[in-house]
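Visitor: Please put the structure up. Then take me through it, one feature at a time.

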Amino acid sequence: MLTMNYLTRPPAEPIHFRAKVIPIGYVAGSAAMSFEVPNLTLLKHFVAVAEDKGISKAAKRLRISQPALSKNVKRLEEMLGTRLFERHSGGADLTETGLAFFNRAQVIGLEYEHAVQEIRNLLSEQDATIRVAAGPIWSSTILPAAASRFHRRFPRHRLVVQTGSVDQLIEDLRLGRVDIFAGAIIQKSRLPNFTSRRVAKAQLGIMCAETHPLAKVEGPIDPKSLAAYPFVSFNLNRDVQRTLSDYLKERGAPPPRYMLETSSIYTCVELARSGDYLFYESTMVAGSPIGHGLKVLKTDTEIFQYDLGFVFRQGLDKLPRRTA
């Protein structure tokens with residue numbers, strides 16, 4: 001399976017098509033208008049300029065000269081009969097028609113890539129490489145066991161896993177840089193022309209070391225007592241922090257004091273396990289091997305519940321046929 005986005009591959013030989021357009025008022029026997037369909041190289045160059053908002057940065061990414069890139073963008077505009085960009089000293093912004101074409105051009109590139117890969121699989125019967133974008137919690141709690149079960153069933157298929165912020169992972173999925181997003185099924189992960197498959201429910205909770213003073217409290221914890229202890233913040237999850245603040249505000253309690261911020265889920269866990277820090281995240285952490293020694297504090301009600309599952313492009317819901 002292709003593991004490189006079509007936007008970063010070396011340009012292929014241009015493929016030119018001729019198509020006929022029948023204008024309004026066409027009369028049988030009269031000459032038909034014709035236009036040239038943009039090839040994939042022009043589409044790739046256009047998409048790069050649109051994403052990078054300028055010729056200079058896009059040319060560096062594509063490894064071509066700025067004049068050559070400008071020439072191709074101008075050629076595409078002439079073919080389409082419209083300006084695609086508004087040029088200015090800081091770069092280039094899409095026009096209204098440019099934005100409409102941009103959305104379509106991305107899809108064309110992805111469909112081409114998937115079509116080529118499907119043909120290659122049929123011809124060579126090669127095993128698949130599946131690119132998975134997994135949220136930090138998912139990749140550290142669920143994925144290790146899931147990957148093991150996957151390879152027992154599909155021993156010759158290869159998994160490529162990347163993690164990061166949910167916003168970036170969803171954008172990578174939309175642009176075809178990954179095949180599947182695994183994590184929280186929330187509003188931002190619901191994309192047009194993509195399928196969401198929910199597999200479980202999860203909830204957010206406040207965790208601390210088993211030796212923490214609050215861990216000895218019987219029954220639901222008093223929200224106001226949380227103000228006496230510092231929180232460690234997982235800075236990839238601003239939306240998660242907001243749910244805790246809303247919960248405390250509704251109960252007249254002070255906001256959480258985030259005294260340490262890190263992008264590592266493992267650092268968050270270790271700080272909570274070895275000190276007086278409180279950690280607010282998915283309670284799956286406490287139930288996983290990395291969360292050994294953590295306890296989930298009881299609250300008067302669930303603070304926040306969400307769905308877990310997968311998001312993938314429609315039509316990719318079947319894995320390649322299992323090989324012997």
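Guide: Start with a single residue. Asp-172 counts as buried, at 6% relative accessibility. Buried means under 20% relative accessible area, exposed over 50%, and partly exposed in between (1.4 Å probe, protein chains only).

Visitor: What should I know about the model before reading further?

Guide: It is a predicted model: local features need pLDDT of at least 70, side-chain atom pairs count only at pLDDT 80 or more, and totals for chains, interfaces and linings use all residues. Residues are numbered from 1 along each chain as its sequence is written, and side-chain values use heavy atoms, with hydrogens and water left out.

Visitor: With which residue does Asp-172 form a salt bridge?

Guide: The criterion comes first. A salt bridge is a side-chain nitrogen of Lys or Arg within 4 Å of a carboxyl oxygen of Asp or Glu. Asp-172 pairs with Arg-177, and their closest N and O atoms are 3.1 Å apart. Arg-177 is partly exposed, at 32% relative accessible area.

Visitor: How many salt bridges does the structure hold?

Guide: The count is 13. One of them joins the side chains of Arg-251 and Asp-300, at 2.9 Å, N to O. Arg-251 sits in the loop between α8 and β10 (258-262), and Asp-300 in the loop between β12 (294-296) and β13, so this pair ties together parts that are 49 residues apart in sequence. The element names are DSSP runs numbered from the N terminus: helices are H or I with at least four residues, strands are E with at least two. Arg-251 is partly exposed at 26% relative accessibility. Asp-300 is partly exposed too, at 47%.

Visitor: Which residues do salt bridges that share partners join into one network?

Guide: Glu-51, Asp-52, Arg-61, Asp-172 and Arg-177.

Visitor: How do I read one face of a helix?

Guide: An α-helix has 3.6 residues a turn, so residues three or four places apart point the same way. Now take α7, residues 166-174. Its buried residues include Val-166, Leu-169, Ile-170, Asp-172 and Leu-173. Down the axis of α7, the buried residues fall within an arc of 155°, so they line one face of the helix. The arc is that of the directions from the helix axis to the C-beta atoms.

Visitor: Against which elements do the buried residues of α7 pack?

Guide: They pack against β5, β6 (158-162), β7, β8 and β13. Contact here means heavy atoms within 4.5 Å. Just after α7, Gly-176 takes a positive phi of about 85°.

Visitor: Which residues in the largest nonpolar core touch the most other members?

Guide: A nonpolar core is a set of buried Ala, Val, Leu, Ile, Met, Phe, Trp, Tyr and Cys residues joined through side-chain atoms within 4.5 Å. The largest has 32 residues, and Ile-206, Leu-226, Leu-244, Leu-278 and Tyr-280 touch the most other members. Among the elements that each supply at least two residues of this core are α6 (143-153), α8 (238-250) and β11 (278-282). A second, separate core has 20 residues, including Ala-58, Ala-59, Phe-85 and Phe-102.

Visitor: In which strand is Leu-204 found?

Guide: Leu-204 is found in β8, residues 194-209. It is buried, at 5% relative accessibility. Leaving out residues up to four places away in sequence, Leu-204 touches residues including Val-240, Tyr-280, Phe-304 and Tyr-306.

Visitor: Now the rings. How is an aromatic pair described?

Guide: By the distance of the centres and the angle of the planes. Rings of Phe, Tyr and Trp (its six-membered ring) pair if their centres lie within 6.5 Å; planes under 30 degrees apart count as stacked, over 60 as edge-to-face and the rest as tilted. The whole structure has seven aromatic pairs. Phe-46 and Phe-102 have ring centres 6.4 Å apart and planes at 70°, so they are edge-to-face. Phe-46 lies in α1 (40-52) and Phe-102 in α4 (96-124), so the pair ties together parts 56 residues apart in sequence. Both Phe-46 and Phe-102 are buried.

Visitor: How about a stacked case?

Guide: Phe-304 and Tyr-306 are stacked, 6.5 Å centre to centre, with 25° between the planes. Phe-304 is partly exposed at 35% relative accessibility, while Tyr-306 is buried at 11%.
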